[in-house]
Amino acid sequence: MNPQSTLPPTPAALPPKTGDPKATGGRGGRSPRSEVRLFAGLGHVALAVWAVIVIVPILWTFLAAFKNTGEIFSSPWTLPAELRWENFGRAWTKARVGRYFLNSVIVVGGSTILTMLLGSMAAYVLARYRFWGNRAIYYLFVSGLAFPVFLALVPLFFVVKQLHLLDTHLGVVLVYSAYSLPFTVFFLAAFFKTLPSSVAEAGMIDGCGHTRLFFQVMMPMAKPGLISVAIFNIIGQWAQYQLPLVLLSSEDKWVLTQGIAQISVNAGYEADWSGLFAALTLAILPMIIVYAVFQRQIQAGLTAGAVK
């Protein structure tokens, strides 16, 4: 007879007790891995619902742009009988979308360049230099994120009027830049802090001044963050309606959002709903293309510096 057969089983060989929190993961019989799967599944469901809510109206707008007014109201969820490209031509010329589109490109392009230049310089100084009042200036910029723009419309109108920039694209460019600076400084200041100090020190040793160090060394290193912020500013300024509505009164100087609002008003009288949806398509497509082209750069800018 083997003497070991009479020995009691070791603790490792004993089966776990029912309801033991250590054996079940400490959450009433549910392991941490199952909880991760549960929350991941709920997250995927929420993202799928959100994607449907966003994508379906955009697709419906694109399809309606190729229909006539009768098809839009009689069969809104069916494909167009034919591709009516003349809707886009009518929106571009008769509804003056081409003019509004050019005005938006001028205003958004100028304001984005000015915002990125001033915002990157301010963010770099606030992130890399220590001086009296550094934090106060930084928090002053950040506080602009919490200030609703519609509260400043009336005083902003009189300030721009006193500068003799009312009803000018330059005035809108300056206002757009000021409106976008808080987010730009907030995002880029955190990004500049992640850049290695050794590179800046090496540049100073090689004889770079502060200006040359910023433009030739630090800005190229911050390219992912700059591209990300620039794309966000372009998308936000392209869809801006309140500010140009207050600052621009001449129809020849309207931006795209003002023009489309006017088209939507006229569509109720002229029954040119297909032209309206064609104009909306022309306004939406550029931003979708910009985001699709620079998607990798945006993701790189958002994740850069997360892991050192």
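Predicted model: local features only at pLDDT ≥ 70, side-chain atom pairs only at ≥ 80, totals over all residues.
Colleague: What is the mean pLDDT of the protein chain?

Modeller: The mean is 83, and 86% of the residues reach 70 or more. Among the elements, helix H4 has the highest mean, 94. Helix H14 (residues 295-303) has the lowest, 70. Over residues 1-6, pLDDT stays under 50. For that stretch the model has one contact beyond four places in sequence.

Colleague: How many helices and strands are there?

Modeller: There are 14 helices and zero strands in the protein chain. Of its 308 residues, 33% are buried. Among contacts with a separation of 6 or more, 71% join residues 24 or more positions apart.

Colleague: Why is the pair of Trp92 and Phe101 called tilted?

Modeller: The ring centres are 5.8 Å apart, and the limit for a pair is 6.5 Å. The planes stand at 45°. Stacked needs under 30 degrees and edge-to-face needs over 60, so the rest count as tilted. The pair of Trp92 and Phe101 is therefore tilted. The count of aromatic pairs comes to 18.

Colleague: What makes Phe183 and Phe232 an edge-to-face pair?

Modeller: Their planes are 75° apart, and the cut-off for that label is over 60 degrees. Centre to centre, the rings of Phe183 and Phe232 are 6.2 Å apart. Phe183 sits in helix H7 and Phe232 in helix H10 (residues 223-238).

Colleague: Are Phe183 and Phe232 buried, exposed or in between, and why?

Modeller: The in-between class runs from 20% to 50% relative accessible area. Phe183 has 28%, so Phe183 is partly exposed. Phe232 has 29%, so Phe232 is partly exposed too. Trp92, at 40%, also counts as partly exposed.

Colleague: Which residues form one aromatic cluster?

Modeller: Tyr124, Tyr129, Phe192, Phe214 and Phe215 do.

Colleague: Why is Thr61 called buried?

Modeller: Buried means under 20% relative accessible area. Thr61 has 10%, so Thr61 qualifies. Thr61 is placed in helix H1 (residues 32-64). Leaving aside residues up to four places away in sequence, Thr61 touches Phe277, Leu280 and Thr281.

Colleague: What makes the phi of Arg96 worth a remark?

Modeller: Most residues other than glycine have a negative phi. Arg96 is not a glycine, yet its phi is positive, about 65°. Arg96 lies in the loop between helix H3 (86-93) and H4. Its relative accessible area is 29%, so Arg96 is partly exposed.

Colleague: And what is the phi of Asp167?

Modeller: Phi of Asp167 is near 65°, again a positive value in a residue other than glycine. Asp167 lies in the loop between helix H6 (153-162) and H7. Its relative accessible area is 14%, so Asp167 is buried.

Colleague: At what angle do H4 and H7 pack?

Modeller: Helix H4 (residues 97-128) and helix H7 (residues 169-193) pack at about 35°, with their axes 6 Å apart. H4 passes H7 in a right-handed crossing. By class, their contact has 18 nonpolar, ten polar and two charged residues.

Methods
Residues numbered from 1 in each chain as written. Heavy atoms only, no water. Axes fitted to C-alpha atoms, helices over the stretch in contact; angles between N-to-C directions. Helix = DSSP H or I, 4+ residues; strand = E, 2+ residues; numbered from the N terminus. Left-handed = near helix turned anticlockwise from the far one by under 90°. Nonpolar A, V, L, I, M, F, W, Y, C, P; charged D, E, K, R; others polar. pLDDT = per-residue confidence, 0-100. Contact = heavy atoms within 4.5 Å. Phe/Tyr/Trp six-rings, centres within 6.5 Å; stacked < 30°, edge-to-face > 60°. Buried < 20%, exposed > 50% of the residue type's maximum accessible area, 1.4 Å probe, protein only.
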